[in-house]
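Morning, everyone. I have one structure to walk through today, and I'll keep it quick. Please have a look at it before I start.

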Amino acid sequence: MSVVGPDEGEKIVLGTTRMRILEDGSTTGHRLALAESVLAPHTPGPPLHRHAEHDEGFYVISGSVRFTVASGHVDAPAGTLVMVPPGAAHSFANVTDHPAVMLSTFTPDLYVQYFRDLEHHVTTTPPPPTLMTRYATTTAEDEEGERAGHDQGAGRARKSADGGNGPNGARQ
């Protein structure tokens, strides 16, 4: 059993966001991690990204958080739950003049170590470009660059609107 009091838990500072790790996975067999995040007013949040190996959940406790998904923005006031399955592009930000507090879940607990690593880089040097990929996460920018590289490769067949046939009609 684990009990974390109001002033307890591992604290991580990421710029204008303060996190408090309430469960790092050590009590749940690494199936679940939980964090409380306080986003200062006008916190831009992370770039649009997707996780390949874990779900994320966000429960807005106070304030309002803007979630960005592939289809646009969703403003989530206190009392809103947002669940993000693996592979879904998402981001979040506090675009208001007031702090916002969220409770976040990570299943499994993989991403807690990412925040620890990111805090080290935020306070010392810029994070290496591979930091997110180490935790099975890519940004929309990474994906666009990867697609552009594949599209520009000499002699590579491209998937087309005709159902995936290559340049000579050959099925890919």
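This is a predicted model: local features need pLDDT of at least 70, side-chain atom pairs count only at pLDDT 80 or more; totals for chains, interfaces and linings use all residues.

Start with the inside. In soluble globular proteins, nonpolar side chains tend to be buried together. So where does that happen here? The largest nonpolar core has 15 residues. Within this core, Met-19, Phe-106, Tyr-111, Tyr-114 and Phe-115 touch the most other members.

Which elements give two or more residues to this core? There are three strands: S1, at 10–14, S2, at 17–23, and S3, at 33–39. There are also two helices, H1 at 111–123 and H2 at 131–134. H1 gives the most, with 5 residues.

There is also a second, separate core. That one has 11 residues, including Val-65, Phe-67, Val-82 and Val-84.

Which residues of H1 are buried? They are Tyr-111, Val-112, Tyr-114, Phe-115, Asp-117, Leu-118 and His-121. Here is a general rule to keep beside that list. An α-helix has 3.6 residues a turn, so residues three or four places apart point the same way. Look at Tyr-114 in particular. Beyond its neighbours within four places in sequence, Tyr-114 is in contact with Leu-131, Met-132 and Tyr-135.

Thr-107 and Pro-108 are joined by a cis peptide bond, with omega at about -5°. Pro-108 sits in the loop between strand S10, at 100–107, and H1.

Next, His-54. This histidine is in the loop between strand S4, at 49–51, and strand S5, at 55–62. Is His-54 buried or exposed? It counts as buried, because its relative accessibility is 1% and the cut-off is under 20%. What does His-54 touch, leaving out residues up to four places away in sequence? The list is Pro-86, Phe-106, Thr-107, Pro-108, Leu-110 and Tyr-111.

Now strand S8, at 81–84. Take two of its residues. Leu-81 lies in S8, and Leu-81 counts as exposed at 53% relative accessibility.

Leu-81 belongs to a nonpolar surface patch of about 400 Å², made with Tyr-59, Ile-61 and Met-83. S5 and S8 each give two or more residues to that patch.

Leaving aside residues up to four places away in sequence, Val-84 touches Asp-55, Glu-56, Phe-58 and His-90. Val-84 and Phe-106 are 22 residues apart in sequence, with their C-alpha atoms 9.8 Å apart in space.

Last, two backbone angles. Which residues have a positive phi without being glycine? His-30 is one, with phi near 65°. His-30 is in the loop between S2 and S3, and it is partly exposed at 45%. Ala-136 is another, with phi of about 55°. Ala-136 is in the loop between H2 and strand S11, at 137–139, and counts as buried at 17%.

That's my tour. Over to you.

Notes. Residues are numbered from 1 along each chain as its sequence is written. Side-chain values use heavy atoms; hydrogens and water are left out. A nonpolar core is a set of buried Ala, Val, Leu, Ile, Met, Phe, Trp, Tyr and Cys residues joined through side-chain atoms within 4.5 Å. Buried means under 20% relative accessible area, exposed over 50%, partly exposed in between (1.4 Å probe, protein chains only). Helices (H or I, at least four residues) and strands (E, at least two) are DSSP runs, numbered from the N terminus. Contact means heavy atoms within 4.5 Å. Patches are made of residues with over 30% relative accessible area and no salt bridge: like charges are joined within 9 Å, nonpolar side chains (Val, Leu, Ile, Met, Phe, Trp, Tyr) within 5 Å. Accessible areas come from the Shrake-Rupley method with a 1.4 Å probe; for residues, only the protein chains shown count as cover. A salt bridge is a side-chain nitrogen of Lys or Arg within 4 Å of a carboxyl oxygen of Asp or Glu.
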